[in-house]
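Please open the model in the viewer and keep the selection panel at hand.

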Amino acid sequence: MSSTASKSSADVISVFEKYVIPNYGRYPICLTHGEGSHVWDAEGNRYLDLFPGWGCNILGYSPPKVVQALQEQVAQLIHVPNTWYTESQGEFAKQICSRSFGKAFFCNSGAEAIEGAIKLARLHTPEEKYKIITFQNGFHGRTLAAVTATAQPKYHQGLGPLVAGFSYAPHNDLEAVRSMIDDETCGIMIEPVQGEGGVNLPGDGYLQGLRDLADEHGLVLIFDEVQTGMGRLGTWFGHQKYGVQPDIMTLAKGVAGGVACGAFIARDELAPSLRPGMHASTFGGNPLAMTAGIATMQTIEEENLLEHSQQMSERFRSHFEPLLEDLPILKELRIAGMMIGIDLTVPAGPIVKRCMERGLLVNATHDTVVRLLPPLNISIEDVDRGSEILIEELRSLASES
Ligand SMILES: *Cc1c(COP(=O)(O)O)cnc(C)c1O
């Protein structure tokens with residue numbers, strides 16, 4: 001692929017400095033195009049990306065079926081509001097729900113899906129119940145309710161007063177959750193595997209324990225599957241990996257192969273509580289996102305990517321696991337499908353920079369965790385090459401520590 005850039009990274013950065021609000025820490029690189037697991041910058045450098053699109057590019061860059069579906073759709077209908085029916089919205093809802101449960105509502109992002117789920121939990125339970133229990137180091141997005149649900153004080157600074165009714169339980173502590181439930185509690189919300197918080201896996205029986213608590217107390221159990229949904233854990237949705245049925249699950253990130261799209265799925269019994277006029281999204285369920293979503297699911301199915309990604313997950317594990325023995329800066333390895341966390345005893349930030357200089361993109365989260373969210377269709381060669389570079393850099397960092 002040739003570069004389509006007309007400006008250098010430095011030129012683009014100077015425009016940003018003048019016109020774009022500087023709320024993101026950005027790498028000083030302008031990306032121009034991508035294909036599969038690779039992405040190029042304005043200077044023509046190629047990177048192998050083990051964290052494409054922050055997890056949104058679940059099929060890597062420019063997946064052919066998604067590109068083709070979008071190209072056909074864009075010439076037909078870009079947007080119509082939800083006062084009309086479109087075939088694609090019904091079809092994508094069917095594709096998701098027939099592989100999971102219930103009925104779908106579409107929006108455009110993860111935070112919006114969370115907002116909708118919170119509203120539905122409050123609407124579905126008696127009037128006096130409004131409290132929702134979430135979990136330390138969880139992440140649910142940046143709108144006011146979603147950020148309040150996010151039990152990380154660093155994201156709350158200066159924003160108060162926050163939304164009333166949220167309390168935070170320690171992760172993997174069922175008794176703590178039990179003790180926090182009172183007569184005003186309406187729901188429990190958790191990521192099946194915490195993503196941004198450092199790839200934190202649920203303990204054995206923990207999610208089922210939450211299901212049982214919810215049933216005992218008449219609570220709505222919400223699984224935030226924005227990151228764990230759409231095949232990320234090797235099952236269509238994360239709750240299926242753990243065999244636990246939530247009342248609501250939220251989706252976004254990879255759900256439409258990189259096109260902005262969010263959704264929440266509610267069990268049939270809950271769905272009518274979202275009465276006409278109670279909730280809406282102007283762009284939600286638009287034909288571009290829906291056709292991209294359908295093509296994403298088709299690709300995962302036709303190319304057997306649930307199975308393939310499980311094999312690639314095991315391959316990553318086989319590369320990293322031996323290091324636990326001989327690399328003292330490696331504290332813990334946490335892997336669920338294509339969600340990989342390598343927890344270090346030292347800050348993970350320098351690894352990101354060193355890998356980038358060698359043409360490999362990875363992420364650091366929660367200070368010490370190197371996080372990978374590889375595309376489900378990553379090749380064996382790219383798993384091996386990416387692991388090799390990452391391991392070399394981990395070894396070299398260890399030798400300096
Ligand atoms: C990214 C993320 C969100 C927020 O999604 P946005 O699209 O950025 O609003 C919510 N929940 C989880 C688990 C996420 O990983």
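Begin by selecting the ligand together with the residues that surround it: S109, G110, A111, F139, H140, G141, E191, D224, V226, Q227 and K253 (a heavy atom within 4 Å). The model is a predicted one, in which local features need pLDDT of at least 70 and side-chain atom pairs count only at pLDDT 80 or more, while totals for chains, interfaces and linings use all residues. Residues are numbered from 1 along each chain as its sequence is written, and side-chain values use heavy atoms, with hydrogens and water left out.

Next, display the polar atoms around the ligand. One of its oxygen atoms lies 2.8 Å from a backbone N or O atom of G110, and an oxygen atom of the ligand is 2.7 Å from a polar backbone atom of A111. On the side chain of D224, an N or O atom is 2.7 Å from a nitrogen atom of the ligand. The protein buries 81% of the 380 Å² that the ligand exposes when taken alone (Shrake-Rupley method, 1.4 Å probe).

Now select H140, in the loop between β5 (131-135) and α5 (144-149); helices (H or I, at least four residues) and strands (E, at least two) are DSSP runs, numbered from the N terminus. Is H140 buried or exposed? H140 counts as buried because its relative accessibility is 3%, where buried means under 20% relative accessible area and exposed over 50% (1.4 Å probe, protein chains only). Its side chain makes a polar contact with that of D224 at 2.7 Å (N or O atoms within 3.5 Å, one able to donate a hydrogen and the other to accept it).
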